[in-house]
Amino acid sequence: MPSPLPRTAHRAAAVSAVVAAALAAGLLTGSASASTATDTSTDQASDVATTASNTTRIHDIQGSTRISPLAGRQVTGVPGVVTGVRTYGSKGFWFQDPQADDDPATSEGLFVYTGSAPTVAVGDAVTVSGTVTEYIPGGTSSGNQSLTQISKPTVTVVSSGNPLPTATVVSARSVPSAYAPEGDPAAGGSINGRTLQPRTYALDYYESLEGANVRIGSSRVVGATDPHAELWVTVKPHENANRRGGAVYGSYTSQNTGRLQIQSLTPLSQQPFPKANVGDWLTGTTEGPLDFNQFGGYTLTARTLGTVADQGLEREVTEAQRPGELAVATYNVENLDPSDPQEKFDALAKAVVDNLASPDIVALEEIQDNNGARNDGTVAADQTLKKFTDAITAAGGPAYEWRTIDPVNNKDGGEPGGNIRQVFLFNPDRVSFTDRAGGDAATATGVVREKGRAALTHSPGRIDPANAAWDNSRKPLAGEFTFRGRTVFVIANHFGSKGGDESLVSHHQPPNRSSETKRLQQAQTVNTFVKDILQVQRTADVVVLGDINDFEFSATTQALADGGALYPAVLSLPRDERYSYVYQGNSQVLDQILTSPSIRHFEYDSVHINAEFADQNSDHDPQVLRFRP
């Protein structure tokens with residue numbers, strides 16, 4: 001199988017007569033068509049820097065805002081020196097004008113989209129004619145900023161072997177601490193029309209270098225190498241750092257301005273991309289053009305790539321529960337189904353036993369049905385669960401039993417045909433499950449008083465499954481357990497994803513987070529159910545846990561905790577330890593455990609075994625809560 005290529009999303013944009021209106025609105029569209037003609041001169045032409053003074057220069061094209069003042073226009077004979085060539089993915093090259101202007105807001109570099117393997121080489125002095133376009137990686141609906149480029153180019157090589165323009169050093173000193181300007185309310189919150197202030201805002205600084213040759217020195221890795229041959233570093237090693245080497249995203253205004261994505265321009269067949277974990281260092285010089293793409297925004301596409309220095313990050317091991325303590329965990333096992341290799345089952349099982357110390361109750365998310373993504377109506381997951389629990393036993397763990405409710409086919413979101421759901425595993429030697437019949441995919445469980453205490457009408461049961469908040473999303477699974485004679489209610493969740501949200505590099509600042517609406521509704525529904533339990537029994541022990549898909553500071557978490565019904569246990573950790581997921585170099589919270597007021601004393605652990613590592617068994621870190629009911 002060929003090695004995966006770095007993700008690139010550049011395409012030539014066809015700009016029509018309506019471009020002026022589209023630019024004003026910040027809404028630009030792209031197409032995939034492009035053509036290239038290359039004329040290599042055999043005569044040693046004059047150096048590109050001596051081109052006639054009335055020639056359009058790269059800084060004229062880039063302009064001092066995010067949108068080129070020449071978008072949609074033809075340009076002729078734009079001079080520059082080739083600084084990078086990409087022969088895979090979005091094919092093209094970058095070139096840079098060695099004669100910079102005196103405006104720090106205007107980049108001197110530019111991408112030329114060729115659509116086929118470019119015939120130029122690094123160090124070629126060239127002139128380029130073509131159409132100036134603004135391409136939006138991911139399309140207008142993504143909210144991403146656009147990439148200024150030349151498409152449908154005609155390229156003339158004037159000479160070869162020229163020295164490259166000096167790379168701009170990107171460092172802790174050069175990147176501003178403020179992230180981005182506020183969007184213009186008159187432009188729908190867009191920053192596209194604002195003049196760049198590269199000495200004031202980090203996003204403006206990076207934009208002022210779009211397409212330019214840049215360089216970083218030794219930098220700490222804050223996002224591990226992924227399957228697409230890319231990693232993230234920070235040029236600000238002290239910015240929201242945690243003890244394991246990551247950069248913590250602890251609020252909507254803690255975007256971590258020093259983060260930068262790294263890709264390589266060298267095809268993987270020629271040079272494998274280095275494997276790095278969070279906390280490792282990319283040492284030496286990494287240099288190349290600064291790109292902008294759909295999957296992370298500003299990206300250093302390395303012509304010269306540094307060397308990874310392994311810092312020996314280890315996977316964490318939590319403490320075992322004491323005899324009188326109940327240990328409850330949540331673990332997203334990332335679309336587990338029987339067709340996955342046995343190695344994945346064994347690795348996940350080993351983590352449950354060795355890293356999580358065999359919790360008494362484990363809430364699993366993303367357990368798929370018995371044939372995974374085969375979309376044939378299968379919804380049962382007993383084969384998936386047997387294979388997993390057998391692997392746990394083989395790893396030296398307990399003989400877990402399970403409880404779950406099969407969803408209606410293709411009604412709970414996730415991979416089509418996979419029918420992901422939440423599942424309770426429990427160790428019958430330590431805890432018992434109270435079965436109350438009648439729970440199914442469409443029937444809501446409720447709360448009743450039984451012998452003076454709260455009880456579920458169905459266990460396992462689903463919470464308000466007909467509520468529109470759960471459309472195309474996983475319904476919460478509620479179960480009633482008994483530990484040392486005391487009832488514990490556990491509610492396993494997998495809230496709606498962040499799909500549809502704009503990225504941190506959106507041209508809207510702050511970015512639109514449209515997915516929050518559904519999660520807020522879901523949180524309110526779960527909070528209401530917990531309050532129903534507490535109204536019947538004020539001292540009831542309730543644990544709400546799972547992949548909440550939202551931050552500890554989010555409106556979602558606030559809604560879950562509303563009225564003091566629940567406490568987010570992650571808040572008991574130091575701020576720099578609050579994370580369960582690493583996204584684009586930001587260590588952040590997605591997985592949570594919340595507790596009712598009667599659970600006053602507990603120990604909480606976010607067990608870092610996946611998210612920081614290039615080799616992952618899941619993309620989430622499991623969470624464990626230990627307490628005495």
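Which residues does Thr166 touch, not counting residues up to four places away in sequence? Thr166 touches Gln96 and Asn213, where a contact means heavy atoms within 4.5 Å.

## About the model

This is a predicted model, in which local features need pLDDT of at least 70 and side-chain atom pairs count only at pLDDT 80 or more, while totals for chains, interfaces and linings use all residues. Residues are numbered from 1 along each chain as its sequence is written, and side-chain values use heavy atoms, with hydrogens and water left out.

## The whole chain

Let's start with the overall picture. The protein chain has seven helices and 32 strands; helices (H or I, at least four residues) and strands (E, at least two) are DSSP runs, numbered from the N terminus. Its C-alpha atoms fill a box of roughly 95 × 50 × 50 Å along the principal axes.

Of the 629 residues, 60% are buried. Buried means under 20% relative accessible area, exposed means over 50%, and partly exposed lies in between (1.4 Å probe, protein chains only). Among contacts between residues at least 6 apart in sequence, 72% join residues at least 24 apart.

## A look at helix α4

Helix α4 covers residues 342-355, and its 14 residues should span 20 Å at 1.5 Å a residue; the end C-alpha atoms are 19 Å apart, which agrees. The expected span is 1.5 Å times one less than the number of residues.

Which residues of α4 are buried? They are Lys344, Phe345, Leu348, Ala349, Ala351, Val352, Val353 and Asn355. An α-helix has 3.6 residues a turn, so residues three or four places apart point the same way. The buried residues of α4 pack against β16 (326-336) and α5 (382-394). Just after the helix, Ala357 takes a positive phi of about 60°.

## Two loop residues

Now back to Thr166, which sits in the loop between β6 (147-159) and β7 (168-169). Thr166 counts as exposed because its relative accessibility is 68%. The C-alpha atoms of Thr166 and Ala349 are separated by 52 Å, and the two residues are 183 residues apart along the chain.

Is Ser254 buried or exposed? At 17% relative accessibility, Ser254 counts as buried. Ser254 belongs to the loop between β10 (231-234) and β11 (259-264), and it touches Asn240, Val248 and Tyr249, leaving aside residues up to four places away in sequence.

## Backbone details

Two peptide bonds deserve a glance here: the one from Ser459 to Pro460 is cis, with omega near 0°, and a cis bond also joins Gln509 and Pro510, where omega is about 0°. Pro460 lies in the loop between β22 (453-456) and β23 (461-462), and Pro510 is in the loop between β25 (486-494) and α6 (516-536).

Lys152 is not a glycine, yet it has a positive phi of about 50°. Lys152 lies in strand β6 and is partly exposed, with a relative accessible area of 45%. Asn410, also not a glycine, has a positive phi of about 60°. Asn410 is found in the loop between β18 (401-403) and β19 (421-426), and at 34% relative accessibility Asn410 counts as partly exposed.
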